[in-house]
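Thanks for making time this morning.

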Amino acid sequence: MGGGNSGTTDNGSGTQEAAPGDSGETAGGDKQTITITYHPGTVSKDDFVEKMLTQTYENWDKKDQVELKINKIDAADSDYLTKLQLLMQDASQCGDIVFEDTFQLTSDAAAGYLAKLDDFLPDFEKWNDGSSFIEATKAATYYNGSYYGIPCSTDSRGLAVNKDVLEAAGLGADWKPGSWAELLDGCRQIKKNCADVTPFWMTIGKANGEGASMNGYEMILYGTADGNDSLFDTKEEKWVVSSESIKNANQFVATLFDEGLTGDYSEMLDTGSDGYACDYLRQGKLGIYLTGSWFPANFQTGGSYEWPEFGEKLAFLPMPTEAGSGSITMSGGWAWSIPEKSANKEIAFEFLMEMMEQENYYIFIDANGNLPTIDMSEFPQLFEKPFMGDARNMLNEALFRPKNEYYSTVSTYIAQMSEDAATSLDAQGAMDTYKANVTGVVGEENTIEH
Amino acid sequence: MNKSRKKNRQIYVFMAPALAVMLVFFMLPVAMAIFYSFTNLALTGSKASNLEVIGFANYIKIFKDPAVKDAIVKTLVFTVACVAGQNVLGFAVAYFMQDTKTVFRRIIGPVLLAAWVMPEVVSAICTYSVFTDKGTLNVIIQALGFGKISWLYKYPMLSIILGNIWRGTAYSMMVYQAALDNVPGEVKEASRIDGAGRLQAIGYVELPIIKNTIMTNAMLTTLMTLGSFGFIWIITGGGPGNATTTLPVLMYLKAFKNYDLGYGTAISMVLLLISAVFGIIYTRQSEGD
């Protein structure tokens, strides 16, 4: 596979400008340049995105005609997205390929920042052959009748637990909480029986943006009685701004913090929260971490918190619902998109197709720790890694964030609500603030109370 | 007649460069900000692609938004506490530096000045590392046998106020030093001969003489503190919750975190209004003199 794919496209005109270089004298300034903007993430010590891009470029048959410019933005998730939006407003800054969280993609597509890929997709063999792409993942980049990105990762969420801690707490290594109450009791038992061990960790707070909303709060909220309609009423197509479910989710967060079942505020509300949690898990100083299926990437060779035994020491459990009627997971992912103002869309898309060739893509998805969006059966080692099976199984019943252009803004207020409930306000107060904020954004006519 | 017209023209020519700079870099951005505050300007979503003038909607929202009221209160608390702290401390240090020639002047002066000379980011990080859970203050407290206190989460407002007073005192100190140096020695001597004690001399002689300096300095520190953003943002990010969300922080959050640029701009107008009110009070006060 791979390598020669781009030769099958008829988009050759995009490279015409580079023709003077053909004489072989010098590359000169005639080469077309494509700029790729991304955010490297924190799971790995090395910048695996850069590694993937460099390999893709080195193996590309258009390498001699096109210059590759890598624009790495090393910032917290939410800051990265804001910077990206500012970049995409300007043709000279927007670059040609951007790394987008799919929750933001809908909103950025509505803003006109992203190019529709409709004209390019017919030439993308992998996209259309019915077997290369995992069909369900395509929906993440679909908005208003068009695709705005090529999905490059997906994920599920659950509880990463340290079995040694569970054992020491007297819960037993096979402990599996069946409801919120059981989860809280488990945390209390860890607190009681294990000195210097933090029972529970989750991503929370304004600074952590979408991570706090989705990896933390929504994993709790979607497990309430309102389930899939707890955030956005899918029948009425309205945002839920006040409900018993939201209040209960707030109360759950408040209980965790009030009873001292979590880590220090300063570490949990910090943008480095995930790093603290991984390090404490490794040291046996943390029992339960509500996190995403990419967490093993932190511990594998080359990860930020290498830990050879993590496969035996940890378990990845489903997050129980409030009442104990089952479990819940949320699924999201990232995508590569092309800015609307890019002057090199065709050649950028050709490069993007190369990035999705298995041997290039492998570098990305292996280090990133997420689940692949394309068929990677030729790389079975990817699925032999610990917890990949658990993560994929969870995906079967996964819930998704509302596909609504306001979600990304509402999400910022969800993150705020999680922080309010944990720190300064009670469950009701945090919900009232949320209601006022969301109503202000989506308009009262688009809100509903349950 | 002709001569004076020529002179007038000359004045305008010489003023033109300064006026142009004012216009392009100050008046124009302010005018644009005023305009955007009447729009639905957004960073993302469909609003980002259709800019619409929405009249006073943003301002109506400000009046209804409890977060704005809360932020105004927090801005005033922060400003008043910082201005009072910086001025009182700045005056006290300047006063004691007058007659102590050696140790006090040599050590305290440079130490205070260091805080002021540092870039805002650095002094904010210094403050953060004093108050954070594993910071200097907790190390000292624990060494003395007390339990550690989560300053930035239990007393966030107090922490940023103390940090800002530390950072700003040097400025007030320098201003008051200059003013006190200008108090004529004869007046001080006269008051001493008349039997005034130290406090009486300060209250009835020196303070009234430097009253204008006090007003000016209070005004300048007020304006500097009102607009303080980076310092608070670095230490607490406006949190925990909204405990240190002053108006500049709220403005940034609304514009760049909640993607509502129009509303953020409207909030900045409230800040402008508050600054203007302080400005008018000050101007009136000096006109009165």
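Predicted model: local features only at pLDDT ≥ 70, side-chain atom pairs only at ≥ 80, totals over all residues.

Chain A has 18 helices and 18 strands, and of its 450 residues 54% count as buried. Its C-alpha atoms fill a box of roughly 75 × 55 × 40 Å along the principal axes. For 450 residues a compact globule would have a radius of gyration near 22 Å, and the 23 Å of chain A agrees with that.

Let me turn to a sheet. In chain A, five strands form an open sheet with mixed pairing, and their order is E2-E1-E3-E16-E6. Strand E2, residues 66-72, and strand E6, residues 150-154, stand at the edges, and because each has a single partner strand, one side of each is left without a neighbour in the sheet. From one strand to the next, the twist averages 20°. As a reminder, strands of a sheet pair through backbone hydrogen bonds, either parallel or antiparallel. In the case of strand E3 (residues 97-101) and strand E16 (residues 333-337) of chain A, the sense is antiparallel, and the pairing runs over four bridges. If you want a place to look, Glu100(A) stands opposite Ala335(A) in E16(A). Packed on this sheet is H3(A), which touches E3, E6 and E16 of chain A and whose direction makes about 115° with that of E3(A).

Next, a pair of helices. The axes of helix H1 (residues 48-58) and helix H15 (residues 358-368), both of chain A, come within 8 Å and cross at roughly 175°, which means that H1(A) is roughly antiparallel to H15(A). On the H1(A) side the contact is made by Phe48(A), Val49(A), Lys51(A), Met52(A), Gln55(A) and Thr56(A), while H15(A) brings Asn360(A), Ile363(A), Phe364(A), Ala367(A) and Asn368(A). Sorted by class, this contact of H1(A) with H15(A) has six nonpolar, four polar and one charged residues.

How many of the residues of helix H14 of chain A are buried? Eleven of the eleven in this helix, residues 345-355, are buried, so the helix is described as mostly covered. Charged residues such as Lys345(A), Glu346(A), Glu350(A) and Glu354(A) are included among those buried residues.

For contrast, consider Lys83(A), whose place is in helix H2 of chain A. Because Lys83(A) has 15 C-beta neighbours inside 10 Å, this residue counts as partly exposed. Leaving aside neighbours within four places in sequence, Lys83(A) is in contact with Ile73(A) and Ala75(A). Between the C-alpha atoms of Lys83(A) and Met268(A), which are 185 residues apart along the chain, the separation is 24 Å.

Finally, the place where two chains meet. The contact takes 26 residues from chain A and 24 residues from chain B. On the side of chain A that touches chain B, the elements giving two or more residues are helix H2 (77-88), helix H3 (102-110), helix H10 (265-268), helix H17 (407-422) and helix H18 (427-442). The largest share of that side, five residues, comes from H17(A). By class, the residues of this side of chain A divide into eight nonpolar, twelve polar and six charged.

Methods
Residues numbered from 1 in each chain as written. Chains lettered and ligands numbered in written order. Axes fitted to C-alpha atoms, helices over the stretch in contact; angles between N-to-C directions. Parallel < 35°, antiparallel > 145°, perpendicular 65-115°, else oblique. Contact = placed C-beta atoms within 7 Å. Buried ≥ 20, exposed ≤ 12 C-beta atoms within 10 Å, placed from the backbone. Pairing = 2+ DSSP bridges. Rg over C-alpha atoms; globule rule 2.2 N^0.38 Å.
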